[in-house]
Amino acid sequence: MTTSAEPFVLNIGPQHPSTHGVFRLRVVMDGEIIRDLDMIVGYLHRSMEKLAEERTYTQNIPFTDRADYLAAMTGNLGLAIAVERMTGVEAPDRAEYLRVIFAELQRIASHAMANGTLISDAGAWQTPLLYMFREREKILDLFEMTCGARLTTNYMRIGGVSFEPPAEFWPALQELMDEMPERTDEYASLLLDNEIFLARTRNVGIITPEDAINGSLSGPALRGSGVPWDLRKAEPYCVYDRFDFDVPVGTVGDVYDRFMVRMEEVKQSVRIIKQAVEQIPPGPHKNDIPLALRPEPGEIYSRVESPRGEIGFYLVSDGTPAPYRFHLRSPALINLTLLRELGVGSSLPDAVVTLGSIDIVLGEIDR
Amino acid sequence: MSEQPMRRPATPMLQQIEDRPGVREMLLGVPVPFKVFGAVFGLVGALVMAFIGYLVVDGRLEGEWYDVRDLGLAVQSLREWLTDQGVDHRITWIITGSIGGIGIMSVLGGWLLIGSWVERRVLAKFQIRMGPNRTGPFGLLQPIADAVKLMSKEIVIPFGADRFLYYIPPVLIFVPAMLGWAPIPWAPNMNYLDIDVGVLYVIAISSIGVLAVFLAGWSSNNHYSLLGAMRTVAMMVSYEIPISLALLSVVLLTGSMNLGEIVAWQGHYHVWVIFLIPFAAFAFLFASTAEINRTPNDIGEAESEIVAGFYTEYSGMKAGLFMGVELGHAILVGAVMSTFFLGGYTFFGLEEWVPGYLILATKIGAVYFLFVWLRGTLPRFRLDQLMGFAWKFLIPLGIIQAFIVAIEASVFARSDAPALITLGAFGVVNLAITVVLVRFWADRLGYSPAQHRTVPTLVSDGTLGGLKAAQKIRAT
């Protein structure tokens, strides 16, 4: 007796519990095995890059909040640094330290979200996600204390930051930093001895270093494959060259390594914040800049390390207060391009976990 | 900067949480009539317990119809009285059967109400959140609110669905959840269906559920449903065998397929089967989670992969029935697990004093808590891993375990040594064999925990770069 199976098309998304937003996968399934996989993006397209051409550089900062809405601070920072490099405006020393502190807090919050949803995708019924939200909530409280917003912070300015943190910010930050090592150890003890978690993530969705470099990957997806590349070290911006920290890299390049790299980066971020709090000098938090900033005609590509990888801003100025061209290099979009190679031939649960480990944010992908 | 920092909660909701009264304040705030009622209720309860204790010590309670420790006696007396009155035996059976049936259904209904509340609250505690607390005290009325909401929702039938088959599964899936309760003994005389092939009955009834699942998946005209149904059918067919093997070990040891006698055997020797055959208990528990679609084996309705699995297309109370029956199955597995492995209604002699059905209910609650715990803790297996675990691990070891238990049972039947010593020796031997076998089998399957847990390499300055740097790190 012979059996024949006919492949069928399964639409995963745009509304689906594990697509992390309005992302659509068109999958050709043969039983449990994926034979073909199409990625369809654009459901959250808001025409940010075109709209940005109508606004001044400062007015464009809120767009970067809405692009990568889980890491608004690093988006703000990327644009602020790009415009500063373009115009020659400098930020005061204290502002640079505040930028580092908030960018690293944002990295912790974003990695907590990424790792929590990854384990939820692996089937743990939201428990790890909610545990990791515990720290994220405290970080968002710190953001709220400082700039009034929790998610779309709009905190970084060209030539500084918008607000000086209030007095109660520093003890709360210290308290959080003191309990973070305990928390990360708790997650390690709960998850890394869990046989099911290991079985679901080890040797799943392997990206070789060659593939990662050819695919232009960045961030934890690149470092998980063993490539030691981090813009905070390679091209230090702000004051990252004054801190002592390490870059974690994985060995195999599977889902587990990407998870572990994020866990380790959280520890390194805590190290950076502790050093920054010790070193931070007094002074103004912002330099005065002209209301309508008119850069010289020209172009610039400037990049910073966001929690998802290299977030780059390509700006073209024609001498007017608004950019002639505003382009955002989205790390999540470029990391996502490898999903087809990873997904075809694997099973549906593996593809879902792999997608979770790439850590996409649709606001940034579609822009 | 030296002044005490002002700590303010971030949101009004957090403020509410911080301001909420502790247990002591809440008790102080209880209105006086409730306090009086509580005190009277407690006093009456203590008096009733004392009276039962007096009757038990006096020996006057044995087998009388008013023996509250065994409600089956009352029905039995009623049947005998009706027969004495010359009532036709068919009518007698219908009357007594209806009483038992209503009892079982109200037990199931009560469990469904309490269980869903317990699951949500306990899961919330595991997940450091508060859980439902808006409807009634401690959110106790939440299940009723859920049911009302589900019933008031529209039932959407998907385009292209097989309408007739689409309507059957939500009803059909309740059949095993209800019929499965029939042979469970709640007290020595208190079981609805006292049949000598109770084990076969349990196994047979538990396979009905797969039909409903497959019908639901097929008739919905949805690929998610179909995938979920395929997974569930494959899994249920595989996991019937470990369940049967685990129950076979119990049957061999206790020498009976009657559930009442299995419990009586455990009560007689004052030992639970879980201590004698731990592997069978584990295999039964694990396979049951696969049978009833619960974490870590809930691949049939894996939320992050196939949305809601076989009942994706059901809405309103039809979906509610599927969710409710999931809970009902968990409770039923708790009852079967308690009966076979945890001593049923016995508790090392306590059943003389406390009604057996309360002991069984406590055990069911404990097993159910274990299920909720697992759900709050574990990720999900993949289908191939799950099937591999059944076929490569549970079934071979289950066969070996059943073989060993068969030898032990024949030794037990022939030996003159005191039962406690023999059974204790069996327990130790079985535990040792289980440990050795599991280690051996894990080695055979190539499992080595040492390779599993790795940590990322930390790279500091000087070695940053691209592919060459990656290869250099990999080489070290």
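This is a predicted model: local features need pLDDT of at least 70, side-chain atom pairs count only at pLDDT 80 or more; totals for chains, interfaces and linings use all residues.
Student: Through how many residues does a hairpin join β7(A) to β8(A)?

Tutor: Residues are numbered from 1 along each chain as its sequence is written, while chains are lettered from A and ligands numbered from 1 in the order in which they are written. Strands (E, at least two residues) and helices (H or I, at least four residues) are DSSP runs, numbered from the N terminus. The hairpin between β7(A) and β8(A) joins them through two residues.

Student: In β8(A), which residue is the bridge partner of I300(A)?

Tutor: β7(A) and strand β8 (residues 309–317) of chain A run antiparallel and are joined by nine bridges. One bridge pairs R303(A) with G312(A) in β8(A). For I300(A), the bridge partner in β8(A) is L315(A).

Student: Is α3(A) roughly parallel or oblique to α4(A)?

Tutor: Helix α3 (residues 72–87) and helix α4 (residues 93–121) of chain A have axes 7 Å apart and pack at an angle of about 140 degrees. Angles under 35 degrees count as roughly parallel, over 145 as roughly antiparallel, 65 to 115 as roughly perpendicular and the rest as oblique. That angle therefore makes α3(A), relative to α4(A), oblique.

Student: How many residues of the contact of α3(A) with α4(A) are nonpolar?

Tutor: A72(A), M73(A), T74(A) and L77(A) in α3(A) meet R99(A), F102(A), A103(A) and Q106(A) in α4(A). Ala, Val, Leu, Ile, Met, Phe, Trp, Tyr, Cys and Pro count as nonpolar, Asp, Glu, Lys and Arg as charged, and the others, Gly among them, as polar. In this contact of α3(A) with α4(A), two residues are polar, one is charged, and the nonpolar ones number five.

Student: In β3(A), which residue is the bridge partner of V27(A)?

Tutor: Chain A also has an open antiparallel sheet of three strands in the order β1-β2-β3. Its strand β2 (residues 24–30) is joined to β3(A) by seven bridges, and L25(A) has M39(A) as its partner in β3(A). V27(A) has as its bridge partner L37(A).

Student: Are α11(B) and α18(B) roughly parallel or roughly perpendicular to each other?

Tutor: Helix α11 (residues 223–254) and helix α18 (residues 383–414) of chain B have axes 8 Å apart and pack at an angle of about 15 degrees. Their contact divides into 22 nonpolar, four polar and two charged residues. The helices α11(B) and α18(B) are therefore roughly parallel.

Student: Which element gives the most residues to the side of chain B that touches chain A?

Tutor: Across the two chains, 46 residues of chain B are in contact with 53 residues of chain A, where contact means that C-beta atoms, placed from the backbone, lie within 7 Å. Elements that give two or more residues to this side of chain B include α15 (303–306), α17 (356–377) and α20 (467–475). The one that gives the most, with five residues, is α20(B).

Student: In β1(B), which residue is the bridge partner of V249(A)?

Tutor: Strand β6 (residues 247–249) of chain A and β1(B) pair in the antiparallel sense. Three bridges make up this pairing. In β1(B), V249(A) is partnered by T457(B).

Student: What ipTM does the predictor give the complex?

Tutor: Chain B on its own averages a pLDDT of 83, and 95% of its residues score at least 70. For the complex, the predictor gives a pTM of 0.85 and an ipTM of 0.83.

Note on methods
Axes are lines fitted to C-alpha atoms, for helices over the stretch in contact, and angles run from 0 to 180 degrees between N-to-C directions. Two strands pair if DSSP finds at least two bridges between them. pLDDT is the predictor's confidence in each residue, from 0 to 100.
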